[in-house]
Amino acid sequence: MYVVAFNGSARPEGNTSCFIETTFGPLRDDGIECEQVSLAGKVVRGCTACLGCREEGDGRCSFDDDIINDCIDKMEEADAVIIGSPVYFSDITAETKALIDRAGYAIRGGENFMSRKVGAGIAVARRAGAVHALESINQFFFINDMILPGSTYWNVGIARNVGDCRKDTEGIKTMTRLGENIAWLLKKPLDTESSRLTGAFSVIL
Ligand SMILES: Cc1cc2nc3c(=O)[nH]c(=O)nc-3n(C[C@H](O)[C@H](O)[C@H](O)COP(=O)(O)O)c2cc1C
């Protein structure tokens, strides 16, 4: 099994990375392969609404000069997809939004491979806006027929400077439990392969 986490922070080794790694802890303990992918400096643009992905219908973005198509490939391969973002002006970062818009629009123009994968968002703030940012991430998972585990609090971390994440003991507990719940879901003997929706999406965004 394989879990991929996209980190939308401008600081690849910052607090968002720290909370993602905390979530990975229980997953790795269960022998699940985990990979964190930083978007910092690797996203050239947001969605240009060129609709090229819809003309091709292959579930890939027409712009292949940055990391987004690699991210889509990793989403297809993964059993669970995590998207982590710092809070910038009460919402997700531009890089995170570009990932959601471009991957989301391209994927929905192709085969429905996200169906019943596990999805989880993580938002990190100094003080405010984290629940709103988490919502922005969760909508990407919900519209793609995915399954979202909870934790003992909303998946938010409170931290400002790099390393502050470790002082947020409640946030660390929340992410640890999130990792346990993702592992629990992934190990459920559900017949998810055969119950997944297949073929093209029936609803166009
Ligand atoms: C441009 C910018 C906007 C920010 N906006 C907010 C905000 O609205 N609310 C908040 O609590 N923190 C805000 N912060 C603080 C970051 O969310 C916080 O430092 C976080 O730990 C950064 O995560 P990172 O270490 O993964 O980069 C902002 C930081 C930057 C650089």
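Guide: What follows is a walk through the terms, one by one. This is a predicted model, where local features need pLDDT of at least 70 and side-chain atom pairs count only at pLDDT 80 or more, while totals for chains, interfaces and linings use all residues. Residues are numbered from 1 along each chain as its sequence is written.

Visitor: What is the order of the strands in the open sheet of five strands?
Guide: The order is 2-1-3-4-5, with parallel pairing. Helices (H or I, at least four residues) and strands (E, at least two) are DSSP runs, numbered from the N terminus. Two strands pair if DSSP finds at least two bridges between them.

Visitor: What makes strand 2 and strand 5 the edge strands?
Guide: Strand 2 (33–38) and strand 5 (156–158) each pair on one side only.

Visitor: How do you know that strand 4 pairs with strand 5?
Guide: Three bridges join strand 4 (residues 118–125) to strand 5, and pairing takes at least two, so they count as paired. Val124 stands opposite Gly157 in strand 5.

Visitor: Which strands does helix 5 touch?
Guide: Helix 5 (residues 130–143) packs on the sheet and touches strand 3 (80–86), strand 4 and strand 5. Being in contact means that the C-beta atoms of two residues, placed from the backbone, lie within 7 Å.

Visitor: Why are helix 1 and helix 6 called oblique to each other?
Guide: The axes of helix 1 (residues 15–29) and helix 6 (residues 169–187) cross at roughly 40°. Axes are lines fitted to C-alpha atoms, for helices over the stretch in contact, and angles run from 0 to 180 degrees between N-to-C directions. Angles under 35 degrees count as roughly parallel, over 145 as roughly antiparallel, 65 to 115 as roughly perpendicular and the rest as oblique. So helix 1 and helix 6 are oblique. Their axes also come within 7 Å.

Visitor: And why are helix 3 and helix 4 oblique to each other?
Guide: Helix 3 (residues 68–77) and helix 4 (residues 94–107) have axes that cross at roughly 60°, so this pair is oblique. The contact includes Ile68 and Cys71 of helix 3 and Leu99 and Arg102 of helix 4. Its residues divide into eight nonpolar, no polar and one charged. Here Ala, Val, Leu, Ile, Met, Phe, Trp, Tyr, Cys and Pro count as nonpolar, Asp, Glu, Lys and Arg as charged, and the others, Gly among them, as polar.

Visitor: How many residues surround the ligand?
Guide: There are 20, and the closest are Ser9, Gly14, Thr16, Pro86 and Ala125. A residue is near a molecule if its C-beta atom, placed from the backbone, lies within 6 Å of it. The shell divides into 10 nonpolar, six polar and four charged residues.
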